[in-house]
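Here is my note on the model you sent. The points are numbered so that you can check each one against the coordinates.

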Amino acid sequence: MTAHDTSPQPVPVVDCALYEYGRRRPGQLPLDEAMDAARRTPGGFVWIGLHSPTADQLQVVARAFGLHPLAVEDALEAHQRPKLERYDDSLFLVLRTAVHLEHDQSTPTTDIVGTGEIMAFAGRDFIVVVRHDPSEHLGPVRSRLEADPERLAHGPVAVLHAIADAVVDRYLDVVTSLEAEADNVENDAFSPGGGQDIGRMYQLKRELVELRRTVVPLAVPLRDLAERRVPGVDKELAAYFRDVADHLAQAADRVTALTELVDNALTMALAQTSIRQNHDMRRISAAAALIAVPVAVAGVYGMNFDHMPELRRLFGYPLMLASTATLVTVVYLVFRRKKWL
């Protein structure tokens, strides 16, 4: 395409398929035919997957399916809080995804958790799913549902359940990975001489706070779906949503427990750091006191006084050295007894 070419770019469709009573019609449906095909098909709906569309690209889909402008704006801006909104006879669900980022060694600057977003527009005979990186690919979700036509026959809301279920299951996987990270941090904080990698602890705490912002707000949308407060959710699907909500509660509880564990480890690390600093200050003070004894003696004998009887005695100089060494030894033994040295 040349620089002056203003023709619209093709919509980044991952997949577009028509389902009739839970069974997919062969092939991929052209986007411009999707809505008409769904409305002409009894018991049918169309499922469209989009990946990071631009504003113009999403507007093409919005006009075809009558998506609400506010929902479209949210889907474009991304960085939304998990929520469920109803616009006339359609639903708009926002989910934040989480993935564990592989790394060889955790450092204060290592990203441990990556977050993305999935937005889903669901109507009576369509569902449009918009995915933003680094959220996981939803191909496996579609494959599992297509292998279960009975559940898929419940329509677009069944797809919402499958997506939410996959997202929440990934939360649990991420939490499991973070538990291993937290165990390492805790062992370091409570080990002798440990607690020195405070930056790594702060980084893990930041990741847990971000994960909590991802997990906890989803509870309200799932509760609305489980309690059938929105249209399109039958009793069977409500039971499935309750199961997802239960898994989400488990993930939230584990994130809270991990946050408290890391907080305790961080507090312990800071306390150990303070103890080590106090110990170092005692050692420095003791060393300064040891040096002060001969300095004080040398300072006295460095004065130019005529009447200093020790100066006229044969053993005055050795006696001064012996007295100085004795004083230093006494001070050293006192500090050793107090465990300052």
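**Notes on the fold**

1. Isoleucine 118 sits opposite arginine 131 in β7. On another strand, leucine 95 also faces isoleucine 118 of β6. Glutamate 117 stands opposite histidine 132 in β7.

2. Ground rules. This is a predicted model, in which local features need pLDDT of at least 70 and side-chain atom pairs count only at pLDDT 80 or more, while totals for chains, interfaces and linings use all residues. Residues are numbered from 1 along each chain as its sequence is written, and side-chain values use heavy atoms, with hydrogens and water left out.

3. Overall content. The protein chain has 10 helices and seven strands. Helices (H or I, at least four residues) and strands (E, at least two) are DSSP runs, numbered from the N terminus. Of the 341 residues of the protein chain, 42% count as buried. Buried means under 20% relative accessible area, exposed over 50%, and partly exposed in between (1.4 Å probe, protein chains only). Among contacts (heavy atoms within 4.5 Å) between residues at least 6 apart in sequence, 64% join residues at least 24 apart.

4. The sheet. An open sheet of seven strands runs in the order β2-β1-β3-β7-β6-β5-β4, with mixed pairing. Its edge strands are β2 (23–24) and β4, each of which pairs on one side only. Two strands pair if DSSP finds at least two bridges between them. Strands of a sheet pair through backbone hydrogen bonds, either parallel or antiparallel.

5. Strand β6. Nine of the 10 residues of β6 (residues 113–122) are buried, so this strand is largely enclosed by the rest of the structure. Strand β5 (residues 90–100) runs antiparallel to β6, joined by 10 bridges. With strand β7 (residues 126–132), β6 pairs in the antiparallel sense over six bridges. β6 and β7 form a hairpin with three residues between them.

6. What does glutamine 80 contact beyond its neighbours within four places in sequence? The partners are Asp74, Val94, Arg96, Glu117 and Met119. Glutamine 80 lies in the loop between α3 (69–77) and β4 (83–87). Its relative accessible area is 14%, so glutamine 80 is buried.

7. Helices α6 and α7. Helix α6 (residues 156–190) and α7 pack at an angle of about 155 degrees, with their axes 11 Å apart. Axes are lines fitted to C-alpha atoms, for helices over the stretch in contact, and angles run from 0 to 180 degrees between N-to-C directions. The two helices are therefore roughly antiparallel to each other. Angles under 35 degrees count as roughly parallel, over 145 as roughly antiparallel, 65 to 115 as roughly perpendicular and the rest as oblique. α6 passes α7 in a left-handed crossing. A crossing is left-handed if the near helix is turned anticlockwise from the far one by less than a right angle, and right-handed if clockwise.

8. Who meets whom there? Residues of α6 in the contact include Tyr171, Val174, Leu178 and Glu181, and those of α7 include Arg200, Met201, Leu204 and Leu208. The residues of the contact of α6 with α7 divide into 12 nonpolar, two polar and three charged. Ala, Val, Leu, Ile, Met, Phe, Trp, Tyr, Cys and Pro count as nonpolar, Asp, Glu, Lys and Arg as charged, and the others, Gly among them, as polar.

9. Helices α8 and α9. The axes of helix α8 (residues 219–226) and helix α9 (residues 235–301) come within 8 Å and cross at roughly 155 degrees. That makes α8 roughly antiparallel to α9. The crossing is left-handed. Ala219, Leu222, Leu225 and Ala226 of α8 touch Ala238, Phe241, Arg242, Val244, Ala245 and Leu248 of α9. By class, this contact has nine nonpolar, no polar and one charged residues.

10. Loops worth a look. Valine 216, in the loop between α7 and α8, counts as partly exposed at 34% relative accessibility. Its C-alpha atom is separated by 8.1 Å from that of alanine 249, 33 residues apart along the chain.

11. Backbone check. Aspartate 88, in the loop between β4 and β5, has a positive phi near 55 degrees and is not a glycine. At 66% relative accessibility, aspartate 88 counts as exposed. Arginine 228, in the loop between α8 and α9, also has a positive phi, about 60 degrees. Arginine 228 counts as partly exposed, at 41% relative accessibility.
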